[in-house]
Structure formats: C-alpha cells, structure tokens
Amino acid sequence: MTKPLLDVEDLRVRFHLRTGTVEAVRGVSFQLGRERLGIVGESGSGKSQTGRAILGLTPPPGEVTAKRLAFDGIDLLTASKRTLRTLRGGRISMVMQDPKYSLNPVMTIGEQIIEAYQAHAKASKAEARDKALAMLEAVKMRNPGRVFSLYPHEVSGGMGQRAMIAMMLVTDPDLLIADEPTSALDVTVSMEVLRILDELVSERGMGLIFISHDLKLVSSFCDRVLVMYAGRVVEQLEAKNLREAQHPYTQGLMRCLPTLADDVRPLPTLNRDPAWAL
Amino acid sequence: MTGAPLPLASEPSGMRAWLLSPEPHSRWQARLGRFYLGWRAFSRNPLAVVGLGIVLLLILVAIFADVIAPYSPITGGDLRTERLLPPSETYWLGTDDQARDIFSRIVHGSRVTLFIVVLVALIATPIGLLVGTVSGYLGGWVDTVLMRITDIFLAFPRLILALAFVAALGPGIENAIIAIAITSWPPYARIARAETLMIRNSDFIAAVKLQGASTPRIILGHVVPLCLSSLIVRVTLDMAGIILTAAGLGFLGLGAQPPMPEWGAMVATGRNYLIDQWWVAAMPGIAIFVVSLGFNLLGDGLRDVLDPKAAK
Amino acid sequence: MLDIQNLQVVYGTGRMRVDAVKNVSFHVEPGAAYGLVGESGSGKSTVLRAICGLAPITNGRVLVDGQQVTTPRGKAFYRTVQMVFQDPYASLHPRHTVDRTLSEPLAIHGEKDGEARILQALKEVGLGPSFRFRYPHQLSGGQRQRIAIARALILRPKVLLLDEPTSALDASVQAEILNLLDDLRRRLGLTYILVSHDLAVVAHLCERLLVMQHGEAVEETTSAALRSGVATNDYTQSLIQASQGFTRVAPQPAQAPAA
C-alpha cells in the first residue's frame, strides 16, 4: 500500500454539555488514498462530525481526540493554526449541503472564487480572474462570464452548488470533503453535479470523502463505503460489494428502501439491535 | 447531528424523576415537567434569581405592609422634635419634613409601585398582544390600519404623552396608570406582530387551518401562546421604565397625590432638603433603583429561558 | 372521489406573475392512491395546496365526491379531506402536547368522547398511550410524523393529501411510515394523493401517477409501467434513470484505489 493521503485512527468527537458528555464520533479509523470514499449513516450517526473533525471545524464545545489524524504526513492535531489555515481551503476543501448558506450573499460568485484562490496562491488579479473563469467552465456553467458577475441569490440551487464546487476546487486541493453535496438539489440536477464532481476527482487525482445518508447514491458513486452507526464504523466495504454486506445494519438499510425494480410489501424495517451501538 | 443519546450522568430520583419523565401520564405532569425544566435553566443564572428575589420581596412587603411598617405612613410624629431626623434606631431610615417615618412610607409605597406595575402589565400586554397578533395574522388592510395606529402612539414620547393625559384627566394615580399603559403597548404590538409573521406561514398553522379552525381560535390558541414568552420578557424588562415613569409623574406632582406614599413624590419632597437631609430623597430613590434593577435582572433571566434565540 | 379539471394556479400579477400550475387535470377513484411526481418548482405541491384551500384556484374546478369545492372550504370539506405535511418538525405546534394536538380537531368539530378517540388514533399509528402527554421535542422524527398522521385521521376523512411525507426522514424510518400509510389505506379505505420527488416512493404507494414539470402535466402513467421502465416521455425517462443512482457515462479507467 502506498502512503495514504489521509490517515485517521481512533477519531473521537465529544461534546461536553450540561447534561453530560455526548460522544458523537466514537473511535473511527480509516485510511484514504486518491479515491472516492463514501461515509453513509442516518442522522445522528456521526458522519458529518467525522468530516468536520478532519477539517478542524468541530463546533464548540466539541473536543476532538485521535490516536492519529494525519493528512499527507502532517499531523492535523498538533499542527499550528497557521499550518491548518493554509491546509484548509488550500489542500483540503469542503463542500457543504446547501449553497444558500455557504456562499456569501453580498459578493458576486466570481469575487468569491477569486478570493478563495488568492488566499492560498500568490496570483495577480488578472490571473485569479482567468483561473476563476476556467473553474466555472470546468463545472459546466453554460456562460461562465455571466455567472462570474452574479450574486448567489440570482442563481438556482444547482448552479449555486456548482459555483461552490468551483470555489472549493480552484486551489487544486488534494482532498475534498463533500457533506451531502446534493441533498438540497433535485435528482436530475444532482446527477449533473455528481458527474462534474466525478470528472474533476478522477482528472485531478484528488481524494474525495463523500458524506451522505443515501446508500444507493453513495454505493453507485464511490469506490469504497464506510457505514456508520451511533458514532462508529460498523462496516467498511467496496462499493461494488455492497450487496454482500455482512452487518445487519447495512443489510437493513439496503432492504428498507423502496425500489422501482421490485415491489416488496410491506417494506422490511430495521430492527435496531442495541448491540450495534456498543 | 450530535444525537447519540447517552444517559444522564446521575439517575434522577423521586420528584425529579416524576417531573422529568419522558412519558408524562397527565396534562399536569407534562406541564409541570416543562415548568421544572424552565426553572432549572433559570436558577442556573444567579443574577436572575437575585432579581426574582427582589420582585418577590416587593410583593411580600406590599402584602404585609401593615405588619412590617412600625409607624403610620400618613400621619407624622411631633413636628417640633421629630422632623427631618437622620436614620437612627427609632427611625431606621430617618423622618421627612412632615415628621413621618421614611421606612414606613417606603414599605407602604411598595403597594403603590406594585399596583402601578401590575395594572400597567394587565392593560398594556393584552392590548399589544391582540393588536400585534391580529394585525400580523390577518395582514392586508387590517395590518395597515392597526400598524399605523401603533405608529402614531409610538411617535409620542412616553412621558410627554402621559403628561398630556394627566393634564387632560386631572392628576391622580389612576390617571397616571392609564397614561402609562396607553403609551407602553405599541412596542408589544410590534413584537407580537413580528413573531406572528414568522409563525403565520408555518405548517402547524396550516394544519389547524385544514382542521377547519376559525381565525379567532387560531390566533388565541395557536399564535398567542408562541408570542407570549417573548412578550413576557419584554414587559418584565420594561417594568423598570414603567416604575421610573410613574415615579417621574409623581415627582412632577402629576401622579400619586399627597399624602399617598409614592416613591417618586417622596423623592420630590426630599429635593428641598437634598444637601442637609440627604436621606429624605435618597431612601425612596434607592427603593426605586433596587426594584427597577430587580425587574431588569428577572427579565434577563426569563429571556434566557423563554426566548433562547435572543440569548447571547 | 377526486376530480381535478383544468386546474390553474397563478400567484401575483404583471411582472410578478407566477404560473405555478398550468391546466392540470386528473381523476382519482375512491380507495385509490395517486402520485404527483416532479422536481422543485414543478407545481406538484401547489396542486395539493390548491385542493385543500391553502393556494388559490385561479381557474378550473376541483370536485370532491362529485361536489365542487367552495372557497373558503366549509367544515364538511375538512372532515373529508386532510393533509400530512413534509416536515414533521414544522407541522406540530411546539408548545402543544400530543394530547392537545389531537384534541384540537375534535374540539373544532364538536366531537364527543375525545379521550377514547385520541387513544384510538394513537393506536392506529402504532404509538402507545404513553405518548399522549409528550411535547414534540420529546419525540423522534418518525414519531412526530406518526402524530401528524394521527391528527389527520382523527376526523375520519376519506381523502388524505400527503405532501412528501417521508422526505425529511431517515431511510429506515421512511420504510416504517410507508408501511403504516399502506396499511392504513387498506384498513380504513382511504384515498391518497401523494406528492413526492422520489419515484420509488410513489411507485411503492400509488397505482397511478402524474409526472409534472414547470407546472404542467408531462405524462400520466402507472407504477407498473414505471417498474418495467416504460416511459414515453424523455423527462420521465430521465427521472427513472436518476432514481437508479449515479451512473458513469463512459467508465473511465478510474484510478484503482491503491491496489
């Protein structure tokens, strides 16, 4: 095995609340190469907190510990704030669920992409502008020049999310963390966005962590899938082998979805075994 | 996304377990449980508890004024020997120019203050609440008319309008209360309207509409309860201002009339002796200050509990 | 049971004019389940809201049980038609206990024996009496949606309008709610109109469905046809495609994950 891009061992995220300590992520370990890794789980499974912890975006009063949390050999837990800042948005980027909340409403999309680029690369205004336009073209905007000067509220959800992806990829990151990047979008639009993401990832050889609740989507998009339940990884498997999932939780998640292919009635429901959470 | 439910650190026992039960068995248990949670949040703020203590003290003093006050608040002692005495063992807070015990007058004055506060709250809050929710919920021309009326009342400075009112109706504590109440509801109407606008289009209101509920039923049963908490907070915070306005009217001689022991009027009489007999004006002044502070602290604490959005 | 004829919904006038629904017609038999499928902005939810009076009917007719609906709808209408909303976190009053939420419709319609009816309603949606005095914040998303269904059913309506009833829920909870809805329809002989963006959900619950796009009806089809992948319309076809998950157009020699 070559040196992994991201090495996570025994990652834990705890929230110290008045009512006691809640552990949202409880000992997650995985390694990521230049591949598409999916993290699947239901709400409260800790999948989003895992993604945030890697980027150091755990909201207070959260506390992150890990035996190892290394990105390309750099220990993220002991790295200085400065190093983290250059990594974040530079070599590691994140795409969030809803572009409406992640884009600055009072700046045009173009300005935001330029700003993201100049924060991490020494470039003249003109260079940055060219780069931004190229990026907008890369995410298949029909008219990059026009989109460049639009404000976020003037574009549709799908375009906003593509602009977001353009902004996140303008610095040529090595790792992209996408947290439910398409769940606010319509199905046909989300397919388009995923296709763009897919192309960019394979063209640039990035590592991708794709966090989603949608098992069907993740298994068809990613190479490898981590299934999380109650803050733990209950199963880790190749996406193409999802049908042969061993863990009853993964099997249950697979089966409880209605499909067009066959008509199962009633749908099998998931009987949560308390032992899974142990 | 932080939902892994973990048990509470300590197992609650007895009464607490009953109050915090996730499966209440009756309406009362559910309501009390909710109240208990609110109280727990409230009592975590020591300043809020101090505020609550001051307000409770005011109420107790007002109720038991006859028992607590050692002298009559109206008839003074011997004008030759007991006038303007400094605080001493016999007269804890000294005496005023009519040889009346200041402590007794402050104790009895708490009744006047409480009377004003309660009456203003009882008049202004429902008016504000009703105008705000009706105007916000119905919208259209009703909203325009009601809000313009509110604007007119908002445009007057409170004390000036109160002055005009008292001037028209004649001085007296009742007229002062009416004047204060009439000038204090517009902000409540604005708050209630803003809250209603947020609630109006929510699904749970659409759901009761689809059950065939009448408009008054929706406003009173579903909109008002949600506006009430932020309004209670605001009214409590405003109490300090109301007490000050009442005291101001008393000070100007337009509120409570002598010999009624009203704190503002007491400060006014003490004004003449401010240099040599400071306690005559200072003691009722301190009472006004403490009670106002108490209401402010209480309001802050209530805001943290009832209106989590506004807190911090 | 339900007849929608040339329904048109327009919001605003002049430059602000939005044609939310353009000339949509369909017919639902008693006891049937009918699906409305489309993406956001397709007008599918607006059709539902126009039926129950939350959106204006600009043109066309809505007939329930052969009777054209009146504006505003009368109490009798609300006893026949009820609705379940998408987000169970927004559709329950945050300060009302389950008991209050369920007794409200009974009180509005002057129904007797509330106590028994509430317990019955809770039982129907698979919740025990222990849930009766809880506040919404003490319930999970699935439990909330069950309460919302119980509230809709407590007046014994004949038609249930379902606006994306499972899209805010986790997959495993979605399965439970879909089973519950399926079961209730059979037991109580209900007529459903289900709005969803998820073809699989609609195909699971409904026999017939209408595909909508930009406020217009694109194609009326059956679940059976969907299952066999038959769709005359390109848009329907693309929806079927998308519901199968992500497909790579030209499988590039994707970098093997560190073999």
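These legends describe close-up views of a predicted model. Residues are numbered from 1 along each chain as its sequence is written, while chains are lettered from A and ligands numbered from 1 in the order in which they are written. In this predicted model, local features need pLDDT of at least 70, side-chain atom pairs count only at pLDDT 80 or more, and totals for chains, interfaces and linings use all residues.

**View 1. Chain A as a whole.** Chain A holds 10 helices and 11 strands. Helices (H or I, at least four residues) and strands (E, at least two) are DSSP runs, numbered from the N terminus. The C-alpha atoms of chain A fill a box of roughly 60 × 50 × 45 Å along the principal axes. A compact globule of 278 residues would have a radius of gyration near 19 Å, and chain A agrees, with 19 Å. The radius is taken over C-alpha atoms, and the globule rule is 2.2 Å times the number of residues to the power 0.38.

**View 2. The six-stranded sheet of chain A.** In chain A, 6 strands form an open sheet with mixed pairing, in the order β7-β8-β9-β3-β10-β11. Two strands pair if DSSP finds at least two bridges between them. The edge strands of chain A are β7 (92–95) and β11 (232–238), and each pairs on one side only. Neighbouring strands of this sheet are turned by 15 degrees against each other on average, direction ignored. β7(A) pairs with β8 (residues 175–179) of chain A in the parallel sense, over 4 bridges. Val95(A) stands opposite Ala178(A) in β8(A). Helix α1 (residues 47–55) of chain A lies across β3 (36–40), β7, β8, β9 (207–212) and β10 (224–229) of chain A. This helix runs at about 145 degrees to β8(A).

**View 3. Helices α7 and α8 of chain A.** Two packed helices are described by the angle between their axes and the distance between the axes. The axes of α7 (residues 157–169) and α8 (residues 187–204) of chain A come within 10 Å and cross at roughly 15 degrees. That makes α7(A) roughly parallel to α8(A). Axes are lines fitted to C-alpha atoms, for helices over the stretch in contact, and angles run from 0 to 180 degrees between N-to-C directions. Angles under 35 degrees count as roughly parallel, over 145 as roughly antiparallel, 65 to 115 as roughly perpendicular and the rest as oblique. α7(A) passes α8(A) in a right-handed crossing. A crossing is left-handed if the near helix is turned anticlockwise from the far one by less than a right angle, and right-handed if clockwise. Contact residues include Ile165(A) and Leu169(A) of α7(A), and Val193(A) and Ile196(A) of α8(A). Residues are in contact if their C-beta atoms, placed from the backbone, lie within 7 Å. By class, the contact of α7(A) with α8(A) has 7 nonpolar, 2 polar and 2 charged residues. Ala, Val, Leu, Ile, Met, Phe, Trp, Tyr, Cys and Pro count as nonpolar, Asp, Glu, Lys and Arg as charged, and the others, Gly among them, as polar.

**View 4. Two helix pairs in chain B.** Chain B has 12 helices and 0 strands. Its C-alpha trace spans about 75 × 55 × 30 Å along the principal axes. Helices α3 (residues 46–63) and α5 (residues 102–138) of chain B pack at about 115 degrees, with their axes 8 Å apart. α3(B) and α5(B) are therefore roughly perpendicular to each other. Their crossing is left-handed. Leu58(B), Ile59(B), Val61(B) and Ala62(B) in α3(B) meet Val107(B), Ser110(B), Arg111(B) and Leu114(B) in α5(B). These residues divide into 6 nonpolar, 1 polar and 1 charged. The axes of α11 (residues 263–270) and α12 (residues 279–306) of chain B come within 7 Å and cross at roughly 155 degrees. α11(B) and α12(B) are therefore roughly antiparallel to each other. The contact of α11(B) with α12(B) has 8 nonpolar, 3 polar and no charged residues.

View 5. In chain C, 4 strands form an open, antiparallel sheet in the order β2-β1-β4-β5. The edge strands are β2 (18–28) and β5 (67–68) of chain C. Helix α1 (residues 44–52) of chain C packs on the sheet, touching β1 (2–11), β2 and β4 of chain C. Elsewhere, 33 residues of chain C are in contact with 37 residues of chain A. α6(C) gives the most to the side of chain C that touches chain A, with 7 residues.

Conventions
Two residues are in contact if their C-beta atoms, placed from the backbone, lie within 7 Å.
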